[in-house]
Amino acid sequence: MYQIEKINDTCFYIKATGTFPPPLAERFIKEFGELTKDNPNKLSMIVDVTDAILLSINSVDIILDLLKRNNEKLFRSAFIIEKNPPLTEEFKYLLEHAKSPKRKIVSNFEEAKEWIGIEKIEFKPQN
């Protein structure tokens, strides 16, 4: 599963849980594309995968393609991964192959906010 939350006009919070099978990866790419297509600004993202297990091997290429396509529009993104060595290795692979110094793996939310340059984030209550 995933959740996309718009923090402001140029910053998004993405929370992923469990695994990320290809149909879910495709749905995410479509939804994220719709949310950002008309935004001419550089975008920042906090991608929280602290509750994720592993990426589906078939989803790695789908996500890698998205990362490569977004290089031009990216200001910075932080990937929060805590104590999950297999997932850390998967994301290291993705970031290495997406070739952008604008992406970074961090270990907590505070590091993520600092990397993308945002001080305060308020989330809307979930219904």
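**View 1. Ser44, a buried residue of strand S3.** At 6% relative accessibility, Ser44 counts as buried, since buried means under 20% relative accessible area, with exposed over 50% and partly exposed in between (1.4 Å probe, protein chains only). Ser44 sits in strand S3; strands (E, at least two residues) and helices (H or I, at least four) are DSSP runs, numbered from the N terminus. Setting aside neighbours within four places in sequence, Ser44 is in contact (heavy atoms within 4.5 Å) with Thr10, Cys11, Phe12, Phe75, Arg76 and Ile116. This is a predicted model, in which local features need pLDDT of at least 70, side-chain atom pairs count only at pLDDT 80 or more, and totals for chains, interfaces and linings use all residues. Residues are numbered from 1 along each chain as its sequence is written, and side-chain values use heavy atoms, leaving out hydrogens and water.

**View 2. The largest nonpolar core.** Here 31 residues make up the core, meaning buried Ala, Val, Leu, Ile, Met, Phe, Trp, Tyr and Cys residues joined through side-chain atoms within 4.5 Å. Among the elements giving it two or more residues are strand S3 (43–55) and helix H1 (22–36). Phe20 is one of the residues with the most contacts inside this core. Beyond four places in sequence, the contacts of Phe20 include Met1, Phe28, Leu55 and Ile63.

**View 3. Helix H2 against helix H3.** The axes (lines fitted to C-alpha atoms over the stretch in contact, with angles from 0 to 180 degrees between N-to-C directions) come within 9 Å and cross at roughly 40 degrees. Residues meeting here include Leu64 and Leu67 in H2, and Tyr93 and Leu94 in H3.
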